[in-house]
Amino acid sequence: MRHVSAIMDGWFFTKEPQTARPEALPQGWEPVTLPHTWNNLDGQDGGSDYYRGPCWYCRALRAAAPEEGGRVYLEFQGANSICEVYVNGQLAARHAGGFSTFRADITPYLRADGENLLAVMTDNGSNDTVYPQMADFTFFGGLYRKVNLITVPESHFDLDYHGAPGLRVTPTLQDGAAEIALEAWLTNAKESQQLLFEIYDSGGDCLAQSQAGIQQGKACIHLNNPHLWDGVNDPYLYTACAKLMEGDTELDRVSARFGVRTFEVRPDTGFFLNGRPYPLHGVSRHQDRLDKGWAIGEKEHEEDMQFIQEVGANTIRLAHYQHDQYFYDLCDEAGMVVWAEIPFISMFLNTPEARENTLQQMRELVVQSYNHPSICFWGISNEISIGGESEELLENLHALNDLVHALDPTRLTTMANLSMVENDSPLNHITDVLSYNHYFGWYIGKVEDNGPWLDDFHRENPEICLGISEYGCEGITTLHSSTPQVRDYSEEYQAYYHEKMLETFAARPYLWSTHVWNMFDFASDMRNEGGVQGRNNKGLVTFDRQLRKDSFYIYKAYWTQEPFVHICSRRFKERAEETTQVKIYSNCEQVAITVNGEKMGSVSGSHIFVFDRVPLTMGENIIQAIGFCGQQETCCESIPLVRVAEPNTSYVLEQAEEHKDGENVANWFATDSAEEPLQFPEGYFSIKDKVGALLKNPEGEKFVAEMIGKVMPGMKVSKGMLNMAKHFTIEKVIDMAGDRITPEMVRYVNGRLNQIKK
């Protein structure tokens with residue numbers, strides 16, 4: 001029988017360069033336990049300087065070749081990003097891609113006495129062949145998921161096909177009955193052997209069986225009146241089991257949970273599950289955690305799912321890579337509709353090797369994750385046109401889309417496009433459904449710009465199923481304002497932004513999905529945003545999972561039914577005001593408040609309840625909110641607010657003064673030339689020139705970095721980041737920025753460019 005054991009301890013690790021692979025258990029290496037990453041600290045502290053390169057792991061491995069032709073495999077569930085596996089000094093496997101499972105058949109390399117040396121090199125360094133190479137998150141290196149030792153008999157279910165489980169389950173539903181197509185792949189099977197397929201209900205009772213010959217490897221089992229997998233309402237799971245039999249002896253088995261469901265997407269009315277409208281509203285998720293990076297376990301995965309369920313999401317975009325199979329299992333159990341994707345992101349690597357790597361990672365994602373009923377969408381790319389659109393890029397995207405349809409005709413393909421992708425771009429006509437990443441109200445424009453853009457696109461492309469794959473803004477829990485505005489990084493502006501986005505979506509039922517960016521703050525070592533180094537702060541929950549931001553609760557108010565009240569701005573504790581505004585998020589019909597036990601009135605409404613001019617006495621005041629459904633009090637909570645003589649200046653980020661007029665960009669331009677017409681002198685640069693041309697000029701490169709730094713204050717601008725925009729003219733970049741760039745700013749930029757000789 002198959003035997004699987006995790007080998008998580010007994011490892012030794014080094015970042016020191018190695019001139020040769022280890023031939024004996026090394027001395028002086030650091031003892032570590034898996035999961036492990038060497039970037040858990042330097043990958044989150046800012047500076048864009050975390051270590052990227054090769055590192056080594058080593059351990060003793062007790063394993064002997066099984067008798068009678070059995071095989072021994074090592075299974076790596078996540079090793080970022082290039083990994084080489086050596087057993088007793090011999091290369092057993094090499095894998096390029098940091099997020100999928102791969103296996104190494106180590107049987108030929110094992111010693112007869114069973115005493116072996118296992119050495120593993122992992123390399124998260126830069127190259128031009130393996131994705132991702134540029135993105136707004138840290139690429140944590142290491143063996144950050146499980147490593148398993150698998151022993152199987154000579155005849156066994158396949159372990160060599162791209163990390164797949166060896167069993168594929170395809171349920172189809174028609175006229176109230178289900179046909180469960182079962183396919184198994186075998187290695188070294190014999191004519192005397194047979195396959196036995198079984199279906200179990202959620203309680204473990206066998207519902208049906210079917211036998212198949214080993215050459216056929218397939219069966220179809222009929223289920224009358226199947227219990228449907230019905231999203232968060234009823235995520236019912238069956239289990240399929242395939243057994244390899246020799247007479248009455250079971251040689252090997254594999255199993256997979258599955259769900260019976262149907263879904264479709266319509267361009268005017270969105271997502272349908274099991275024949276009924278099922279609007280998809282949810283979040284995106286990165287897998288890292290404070291001080292742990294990607295090296296997390298089942299406990300952390302479960303905690304993340306609990307947060308997502310609490311906020312009331314029914315869909316998750318698992319960005320920007322293949323996630324742990326355990327988390328897909330949790331999505332199955334919770335009824336989440338999942339968008340799963342590969343890291344074909346940001347910077348297009350126009351090499352044959354990189355193209356093949358996208359296809360490899362896509363194939364691995366699909367075949368490894370095929371049986372999960374939660375997955376309804378395969379994502380082929382994210383913001384991949386940052387460097388411009390080209391025939392080579394389009395060909396790569398079409399190849400990915402075709403590959404997915406060949407591997408899995410039961411699901412839909414999708415992609416996430418930048419705001420700058422034009423409405424009539426060929427990028428919008430590749431996948432089955434489409435989404436955009438929009439940050440109007442943060443990086444560019446106003447939050448109110450989202451609605452008109454969506455309506456324009458839908459009017460111009462009525463046949464396209466449109467969704468929003470990313471939207472969000474930074475919210476830092478130590479920063480607060482009674483008059484929040486864009487780019488003050490306050491918790492209050494983030495909450496306001498999400499209020500407006502929810503209003504926008506509620507009025508547009510044609511959107512097939514919306515995914516908040518992001519459920520959790522996450523590491524991005526190049527960032528320095530709002531005084532926080534190395535972090536993207538757009539999460540609804542903090543990086544350490546200790547605080548739910550106010551914005552978390554506006555979603556809970558929209559998406560959940562169990563009564564609650566949440567008093568906003570509780571961390572804005574000290575107020576230098578005689579009266580203040582108190583805002584409540586709730587799913588109740590009516591909310592009342594008291595101050596120091598005295599009732600201040602009640603408000604009827606939905607989601608947002610605002611009380612203006614609430615009096616505060618000097619010192620501590622206890623604010624209580626009470627929620628009512630009908631006439632019945634259903635929930636309450638209290639917070640302290642302290643009236644002080646002077647405002648607490650620590651609530652305001654110093655640089656926020658640059659944005660006192662509510663602009664996305666600081667007032668960094670000269671105003672004395674506002675009336676001068678734009679000049680385009682021959683031999684000198686202007687806004688008509690492309691960023692790429694400027695980058696070839698040392699003075700021009702410095703100027704572009706300076707300007708981007710002003711548009712994106714706090715963001716460390718690397719040369720690679722500049723290369724992403726090289727195909728756009730400065731005029732195009734300005735146009736994409738919308739009304740955050742005034743005519744005076746344009747004149748300033750053009751005038752500075754006129755001083756740079758080509």
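Where is the place of His36 in this predicted model? The place of His36 is in the loop between strand E3, residues 30-32, and strand E4, residues 54-62.

**View 1. His36 and the residues around it in the loop between strands E3 and E4.** With a relative accessible area of 12%, His36 falls under the 20% limit and is therefore counted as buried. Its side chain is joined to the side chain of Tyr57 by a polar contact of 2.7 Å.

**View 2. An open sheet of four strands with antiparallel pairing.** Read across the sheet, the order of the strands is E18-E17-E22-E23. Strand E18 (206-213) and strand E23 (249-258) stand at the edges, and because each has a single partner strand, one side of each is left without a neighbour in the sheet. From one strand to the next, the twist averages 20 degrees.

**View 3. The pairing of strand E17 with strand E22.** Strand E17, which covers residues 194-200, runs antiparallel to strand E22, which covers residues 238-246, and seven bridges join the two. One of the residues to look for here is Ile199, whose bridge partner in E22 is Ala240.

**View 4. The aromatic pair of Phe271 and Phe377.** A search of the whole structure finds 37 aromatic pairs, and among them is the tilted pair of Phe271 and Phe377, with 5.9 Å from centre to centre and 55 degrees between the planes. Phe271 lies in strand E25 (residues 270-273) and Phe377 in strand E30 (residues 375-382), so the pair ties together parts that are 106 residues apart in sequence. Both Phe271 and Phe377 are buried.

**View 5. A cluster of aromatic rings.** Ring pairs link Phe99, Phe137, Phe139, Phe140, Tyr144, Trp294 and Tyr321 into this cluster.

**View 6. Charged residues over the faces of aromatic rings.** Arg266 lies over the face of Phe272, at 3.7 Å from the ring centre. Lys556, in turn, lies over the face of Phe564, at 4.9 Å from the ring centre.

How values were computed:
Residues numbered from 1 in each chain as written. Predicted model: local features only at pLDDT ≥ 70, side-chain atom pairs only at ≥ 80, totals over all residues. Heavy atoms only, no water. Pairing = 2+ DSSP bridges. Axes fitted to C-alpha atoms, helices over the stretch in contact; angles between N-to-C directions. Buried < 20%, exposed > 50% of the residue type's maximum accessible area, 1.4 Å probe, protein only. Polar contact = N/O pair within 3.5 Å; in protein donor to acceptor, adjacent residues only side chain to side chain. Phe/Tyr/Trp six-rings, centres within 6.5 Å; stacked < 30°, edge-to-face > 60°. Lys NZ or Arg CZ within 6 Å of the ring centre and 35° of its normal.
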